[in-house]
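Thank you all for coming.

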Amino acid sequence: MLGWNMKSLLGAIVLALAITGAPAPSQALDTTQAAGFLNDLQEQAASRLGDTSISDKEKEDLFRKLFNSNFDVPAIGRFVIGRYWRAASPEDQKSFLAVFEDAMVQRFLPLLAENSSERFQIGNVIPDSRNENMALIDSRISRAEGEPYKVSWRVREKNGDFKILDIVAEGVSMAITLRSEYGTVLKNNGGKLPPLTEALREKVSRGAFTLKQ
């Protein structure tokens with residue numbers, strides 16, 4: 001797994017905001033509300049998905065709704081494709097985002113669904129000095145063995161609505177890592193998006209994106 005420092009992460013987020021055309025902030029993000037947003041997301045996931053009487057398919061459908069309500073999937077998808085995004089056709093963009101969503105749901109469903117409030121603890125909320133509508137929320141997930149699993153969540157607030165833009169697991173940014181990995185595949189295929197989409201679809205079909213804790 002690639003390692004990235006916080007300076008690289010902040011620089012990448014500035015680039016992401018330029019790509020997605022985020023509006024100028026109107027007021028500073030409320031750190032208490034930001035922490036409450038993440039806590040509510042985790043509680044909803046644990047309560048809805050911890051029901052052993054529902055099927056795995058029902059759990060996936062429930063989580064997908066939570067995921068799309070709380071993650072800015074289109075913005076993340078555009079960022080990880082980078083400069084190749086604008087060259088892709090609308091159809092290819094749509095196909096990629098659909099498969100990208102599948103991959104993200106497969107990766108993060110276990111992270112949120114299998115952690116109760118006793119194991120999932122929210123820590124500091126660090127405002128972004130470059131954009132007052134953004135913050136990094138620290139969290140710790142206890143494990144049966146070893147040190148707690150450290151996960152930070154980069155969120156953006158707009159008109160009182162919070163969305164997750166990135167997850168930093170043990171110091172590694174998901175968005176930057178995927179941007180690097182996808183960029184290599186795109187470059188090797190002449191910047192064409194369909195080969196990457198097909199590769200992701202194949203990996204999703206065999207469960208390759210399940211997040212290991």
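Predicted model: local features only at pLDDT ≥ 70, side-chain atom pairs only at ≥ 80, totals over all residues.

Let me start with helix H4, residues 73–81, which is mostly covered, seven of its nine residues being buried; buried here means under 20% relative accessible area, exposed means over 50%, and partly exposed lies in between, with a 1.4 Å probe and protein chains only. Helices (H or I, at least four residues) and strands (E, at least two) are DSSP runs, numbered from the N terminus. Residues are numbered from 1 along each chain as its sequence is written, and side-chain values use heavy atoms, with hydrogens and water left out.

The buried residues of H4 are Val73, Ala75, Ile76, Gly77, Phe79, Val80 and Ile81. At the start of H4, a side-chain oxygen of Asp72 comes to within 3.2 Å of the backbone nitrogen of Ala75, and after the helix comes Gly82, whose phi is positive, near 65 degrees.

Asp72 lies in the loop between H3 and H4 and Arg156 in strand E3, residues 149–158, so the pair ties together parts that are 84 residues apart in sequence. By salt bridge I mean a side-chain nitrogen of Lys or Arg within 4 Å of a carboxyl oxygen of Asp or Glu. Both partners are covered, Asp72 counting as buried at 17% relative accessibility and Arg156 being buried with a relative accessible area of 16%.

Which other residue of E3 takes part in such a pair? Asp128 forms a salt bridge with Arg154, the closest N and O atoms being 3.0 Å apart. Asp128 lies in strand E1 and Arg154 in strand E3, so this pair ties together parts that are 26 residues apart in sequence. Asp128 counts as buried at 8% relative accessibility, and Arg154 likewise counts as buried, at 2%.

Strand E1, residues 120–128, runs antiparallel to strand E2, residues 131–141, and seven bridges join them; two strands are taken to pair if DSSP finds at least two bridges between them. The two strands form a hairpin with two residues between them, and Gln121 stands opposite Arg140 in E2.

Turning back to helix H3, residues 56–70, its 15 residues should span 21 Å at 1.5 Å a residue, and its end C-alpha atoms are 21 Å apart, which agrees; the expected span is 1.5 Å times one less than the number of residues. Within H3, Lys57 forms a salt bridge with Asp61, the closest N and O atoms being 2.9 Å apart, and these residues are four apart, about one turn of the helix. Here Lys57 is exposed, at 51% relative accessible area, whereas Asp61 is partly exposed, at 32%. Arg64, one of the buried residues of H3, belongs to a network of salt bridges that also links Glu60, Glu101 and Asp102.

Finally, the overall picture: the secondary structure comes to seven helices and five strands, running α-α-α-α-α-β-β-β-β-β-α-α from the N terminus on. Of the 213 residues, 46% count as buried, and the structure holds eight salt bridges.

Conventions
Polar contact = N/O pair within 3.5 Å; in protein donor to acceptor, adjacent residues only side chain to side chain.
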